[in-house]
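I opened a new notebook page for this structure. My plan is to look things up one at a time and write down what I find.

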Amino acid sequence: SKLGVSNQDFARGSQVAIKAMAQTGVQAAATQREIAALGMDIGVAPSKMASDFANAGPKLAKFGSDGVQAFKDLAVAAKVTGIAVDRLLSITEKFDTFEGAARQAGKLNAALGGNFVNAMDLMMATDPVERFNMIRDAILDTGLTFDTMSYYQKQFYTNSLGLSDVGDLALMLQGNTELLADAGDQSAASYVEQAKRAQNLMT
């Protein structure tokens, strides 16, 4: 298509907008243009934005007409942190039920060593980016940074947040813009360097 988006992703994204977000065909096409434009603004290929939107569709459906804005916020958060949109959604959707929110808040508070996050607040914040920021801020407010955490603290936070690896924790706390690959006990700077090398190889 003219946006540099595959016809398949355009069709899937349009179907999401029409069926799950109550848009007309014309509105759905406008949504695709808005998503492509946002991609260009934040330095993410429109094809990647369209693919992410189409893939996130089933999880975005629960936001109804707010789904497009939720996706845009997630796309920006993904660019800032380097954590992919689908991974951001899977981190934050653990708080969708009271049981899930209580379990995750309990794990996080145990890691933080006090009652720093409230399960009810996290459950009531339905916006995934707002939730993500509440979790992130709770850690940063303790004065901890990725580089000051011990090996075991990094593992503990990674597990208590349900992150896929320690690299995600580095991204979450640093707000870096590249995706990081391997876990381990490296400094945040070495994760960033590794991400830049990977990014260069891919482009």
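My entries follow, from the whole chain down to single residues.

**Entry 1: the whole chain**

I noted at the start that this is a predicted model. I looked up the secondary structure and found eleven helices and zero strands. From the N terminus on, the elements run α-α-α-α-α-α-α-α-α-α-α. The protein has 203 residues, and 46% of them count as buried. Then I turned to contacts between residues at least 6 apart in sequence. Of these, 54% join residues at least 24 apart.

**Entry 2: the core**

Which residues touch the most other members of the largest nonpolar core? I found Leu 60 and Tyr 157, in a core of 50 residues. I then listed the elements that give two or more residues to this core: α2 (25–42), α3 (46–60), α4, α5, α6 (98–112), α7 (119–124), α8 (128–140) and α10 (166–174). Helix α4 gives the largest share, seven residues.

I took Leu 60 next. I left aside its neighbours within four places in sequence. Its contacts are then Met 21, Phe 53, Gly 67, Ala 70, Phe 71 and Leu 74.

I placed Tyr 157 in helix α9, residues 151–160. Its relative accessibility is 1%, so Tyr 157 counts as buried. Not counting residues up to four places away in sequence, Tyr 157 touches Leu 108, Ala 111, Leu 112, Ile 139, Leu 144, Met 149 and Leu 169. I checked the spacing to Leu 169. Tyr 157 and Leu 169 are twelve residues apart in sequence, and their C-alpha atoms are 7.5 Å apart.

Phe 156 is also in helix α9. Is Phe 156 buried or partly exposed? At 41% relative accessibility, Phe 156 counts as partly exposed. Beyond residues up to four places away in sequence, Phe 156 touches Ala 110 and Ala 111. Phe 156 and Ala 111 are 45 residues apart along the chain, yet 6.7 Å separates their C-alpha atoms.

**Entry 3: α4 against α5**

I looked at how helix α4 (residues 67–81) packs with helix α5 (residues 85–92). The angle is about 110°, and the axes are 9 Å apart. The two helices are therefore roughly perpendicular to each other. Which residues meet here? From α4 I wrote down Phe 71, Leu 74, Ala 75, Ala 77 and Ala 78; from α5, Val 85, Leu 88 and Leu 89. By class, this contact has eight nonpolar, no polar and no charged residues.

I followed up Ala 78, which is found in helix α4. At 14% relative accessibility, Ala 78 counts as buried. Ala 78 touches Ile 83, Ala 84, Val 85 and Leu 88, with residues up to four places away in sequence not counted. I also looked up its spacing to Leu 171. Ala 78 and Leu 171 are 93 residues apart in sequence, and 9.8 Å apart in space, C-alpha to C-alpha.

**Entry 4: α4 against α8**

I checked a second contact of α4. The axes of α4 and α8 come within 9 Å and cross at roughly 35°. Asp 73, Leu 74, Ala 77 and Thr 81 of α4 make this contact with Pro 128, Val 129 and Phe 132 of α8. Its residues divide into five nonpolar, one polar and one charged.

**Entry 5: Asp 52**

I wanted to look at a charged residue. Asp 52 lies in helix α3. Is Asp 52 buried or exposed? Its relative accessibility is 16%, so Asp 52 counts as buried. Not counting residues up to four places away in sequence, Asp 52 touches Phe 71 and Val 85. Both residues came up in my entry on α4 and α5.

**Entry 6: Ala 22**

Most residues other than glycine have a negative phi. Ala 22 is not a glycine, but its phi is positive, about 55°. Where is Ala 22? I found Ala 22 in the loop between α1 (7–19) and α2. Ala 22 is exposed, with a relative accessible area of 68%.

How values were computed: Residues numbered from 1 in each chain as written. Predicted model: local features only at pLDDT ≥ 70, side-chain atom pairs only at ≥ 80, totals over all residues. Heavy atoms only, no water. Axes fitted to C-alpha atoms, helices over the stretch in contact; angles between N-to-C directions. Helix = DSSP H or I, 4+ residues; strand = E, 2+ residues; numbered from the N terminus. Parallel < 35°, antiparallel > 145°, perpendicular 65-115°, else oblique. Contact = heavy atoms within 4.5 Å. Nonpolar A, V, L, I, M, F, W, Y, C, P; charged D, E, K, R; others polar. Buried < 20%, exposed > 50% of the residue type's maximum accessible area, 1.4 Å probe, protein only. Core = buried A, V, L, I, M, F, W, Y, C linked by side-chain atoms within 4.5 Å.
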